[in-house]
Amino acid sequence: MGLPLFRRRIRGSSRHQHLSYAVTEGDEVEDMFILLNEVRQQIPSITAVSSGAIASDYQRLRVESVCSRLGLVSLAYLWKQDQTFLLEEMIRRGILAITIKVAAMGLNPAKHLGQELADLQPHLLQMKELYGINVCGEGGEYETLTLDCPLFRNARIMLDKFQVILHSADSIAPVGILHPLVFHLQHKKVDSSISSCSNSCSEKMSYMCEVQGDSVPNYMVKCQSMDLASDMYTAKKVNLCISATRRDMFSIGCWIQNPSTTPEDLKEDLIAILRRIESKLSEDGFDWVNVLYIHLYISNMKEFALANEVYVRFITEKKCYLGVPSRSTIELPLLQVGVGNAYVEVLVANDQSKRVLHVQSISCWAPSCIGPYSQATLHREVLYMAGQLGLDPPTMMLCSGGPADEVEQALLNSEAVANYFNSSIASAILFVIYCSASLTSSQRTEVQHKMEYLIGQRVSGLQHKSRISDPIFLYILATDLPKGALVEVKPVLHVPGNGYEIETDIAQPPRQEIANRWRFEYSEWHDSCCQIHTIGTKICSAVVSVTNDVAAKICSMSEQKLGNFWYDNTEKHMKEIAMFSVFLLDKILLENVFLWGDLKNLRFYYSANIPIAAEVLADIFSEVFTEFAEVNKCIDISKEPIFNLVPVTGSGRSASMDNIISCELFALKQ
């Protein structure tokens, strides 16, 4: 027996009309759920559902919702394809379809109803140029009925009689419907060479299954349960840092202070961390729906699946009803510095104006995000994009050819996501490029050259008068990346407009001159430590790099080998480096007319090879910020640190990644 044809008469209506779908009794989406659930019960080997969504988020999200609930993969290989190309391909491949509804400027019911797409194609292309219509009807411009196609092996539909109904006589965009009344099948002459195969196929497909049922079944695919209530998770010492004293937008960093932890404790550590963050959000009147972005650092990429299993227990589509946060996940040497098996940073906004792109369908457009993390989140004028791997979208496999090819594919994927927001990676503020520690020195250099060349091409080709500076490049050496990737690219883009306005003439409080401030005097070589990108007086992004050579100058020492440098007064030297870093960050803010209160994120990447515990380093930076606040009176220090300390294998403005400290600052005006 072959595969049956399953079908169900739609009984519901469009009751839940928001873009993102939530399970709603009586909605037509539940008819699709009941139908596909029956298919899955009858044929357990089925793992995916293919749909023809091209541009409609409304349709795609509903198919993805049903697939997610049933544990199926959504396939949407037409998604975001060029519609002019698709229309031509449908006609070229023998799809004979007629219009049965028209509802757009330039389409006349009396003239265009019942026309074949092949005949209507020139007019549709003309209407696209004149009025911007979707030539495949994705905006509801028209609906079609397929009378013949290559799948119809034995016969085609012949329409004998129909009725034209004028639904709306609007003078600009009248709406008309063609209602078929009588039709018959016209049998085809079948090639004898394939007739036996056709007959066999016909026999196998000769029965249908009518799916009944009036309510949504209780059957749902459920993940294995996980106990989150054990006291072992609350017994761990969990540290917090919060990046901003103003609570309009800020980041929270959280990690375990437990140097003796083992790799097997990832589950416990991550549960404790996410629970603490959830508690902190609640204390301040927030929830996961306020989270824009999540950095998930883990100690062992082999435990990625386990980390995801914990993650989905806290961050769910139900809690994040405006869209799940975007995310980047990498492996870092956390155990080496004694901060447990997991480290999580979340970026939080006090409003709910974010716009989230979460495509779970596999397509030719960009890699899918199957699970509670999205491709990108737009908030105000900043697009925070998930870490992009060099994945081939339709296969979801890493491209072959090495790290440079992975970079190129990752940037193509990033561009596809940016285009969705009518933007481009040429408008990037910052690129963070995570490189696997398995790369050789020459391969890292190859990655840098590829990045600079490809982005340089796009930037030079962008006629953008408001562009002030090139994007910042920050390279991070990670111990491992998801899927065994060699490179992961994380772009942060500026998307002008988006309904966000700020006051640009904010009065600045009196500030001291930079020179002679806090035992440092400005020198021209300081500028070589800084990368700065500003968008007017709205956005300030900066990276301060402290190399071994810079550290030697700061500490008034002649050049020495790294080993001698660090094992002689390590804590003293780190405090001087921390003071210098804060001095330069303050200089950057002051010169670009920003306040410390505008700070949204401050992250210090430090080499895990520095012979100092993370807890001690955190105390040093906290002490430096406290002293700085007392001297300059321009920053409020709360009980939690305003910075995140992230241990890495290496970091820097180039692929050599030889910085001792890399400071990443992001400030945004209210």
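Methionine 396 lies in the loop between β18 (391-392) and β19 (397-398). Strands here are DSSP runs of E with at least two residues, helices are runs of H or I with at least four, and both are numbered from the N terminus. The phi angle of methionine 396 is near 60 degrees, a positive value in a residue other than glycine. Methionine 396 counts as buried because its relative accessibility is 17%; buried means under 20% relative accessible area, exposed means over 50%, and partly exposed lies in between (1.4 Å probe, protein chains only). The model is predicted: local features need pLDDT of at least 70, side-chain atom pairs count only at pLDDT 80 or more, and totals for chains, interfaces and linings use all residues. Residues are numbered from 1 along each chain as its sequence is written, and side-chain values use heavy atoms, with hydrogens and water left out.

Methionine 657 also has a positive phi, near 45 degrees, in a residue other than glycine. Its place is the loop between β27 (650-652) and β28 (659-668). Methionine 657 counts as buried, because its relative accessibility is 6%.

Another loop residue is valine 495, found between β22 (487-494) and β23 (530-535). Valine 495 has 6% relative accessibility and therefore counts as buried. Leaving aside residues up to four places away in sequence, valine 495 touches Leu378, Glu381, Leu383, Phe421 and Ser423; contact means heavy atoms within 4.5 Å. Serine 424 is 71 residues apart from valine 495 along the chain, yet their C-alpha atoms are separated by 8.6 Å.

Two open sheets were examined. Four strands form one of them, in the order β5-β4-β7-β6, with antiparallel pairing; two strands pair if DSSP finds at least two bridges between them. The edges are β5 (142-148) and β6 (155-168). Each has a single partner strand, so one side of each is left without a neighbour in the sheet. Neighbouring strands of this sheet are turned by 20 degrees against each other on average, direction ignored. Axes are lines fitted to C-alpha atoms, for helices over the stretch in contact, and angles run from 0 to 180 degrees between N-to-C directions. Twelve bridges join β6 to the antiparallel strand β7 (residues 175-187). Methionine 158 has histidine 184 in β7 as its bridge partner.

The other sheet is also open and has five strands, ordered β23-β24-β28-β25-β26, with mixed pairing. At its edges stand β23 and β26 (644-648). Each has a single partner strand, so one side of each lacks a neighbour in the sheet. On average, neighbouring strands are turned by 15 degrees against each other, direction ignored. Nine bridges pair β24 (residues 539-547) with β28 in the antiparallel sense. Within this pairing, valine 543 has glutamate 664 of β28 as its bridge partner. Helix α14 packs on the sheet and touches β23, β24, β25 (599-607) and β28. The direction of α14 makes about 30 degrees with that of β28. Helix α15 (residues 614-632) packs on the sheet as well, touching β25, β26 and β28. The direction of α15 makes about 135 degrees with that of β25.

The largest nonpolar core has 89 residues. Such a core is a set of buried Ala, Val, Leu, Ile, Met, Phe, Trp, Tyr and Cys residues joined through side-chain atoms within 4.5 Å. Met574, Trp596, Phe604, Phe621, Phe625 and Ile661 have the most contacts inside the largest core. Its largest share, eleven residues, comes from helix α14 (residues 570-591). Phenylalanine 621 touches Met574, Ala578, Phe604, Phe643, Leu645 and Ile661, not counting residues up to four places away in sequence. Another core, of 39 residues, lies apart from the largest one, and Phe421, Ile433, Val447 and Phe473 are among its members.

A buried polar residue was also examined. Glutamate 345 is placed in strand β13 (residues 342-349). Its relative accessible area is 2%, so glutamate 345 is buried. The side chain of glutamate 345 makes a polar contact of 3.1 Å with that of tyrosine 297.

Definitions and conventions. A polar contact is a pair of N or O atoms within 3.5 Å; within protein, one must be able to donate a hydrogen and the other to accept it, and residues adjacent in sequence count only if both atoms are side-chain atoms.
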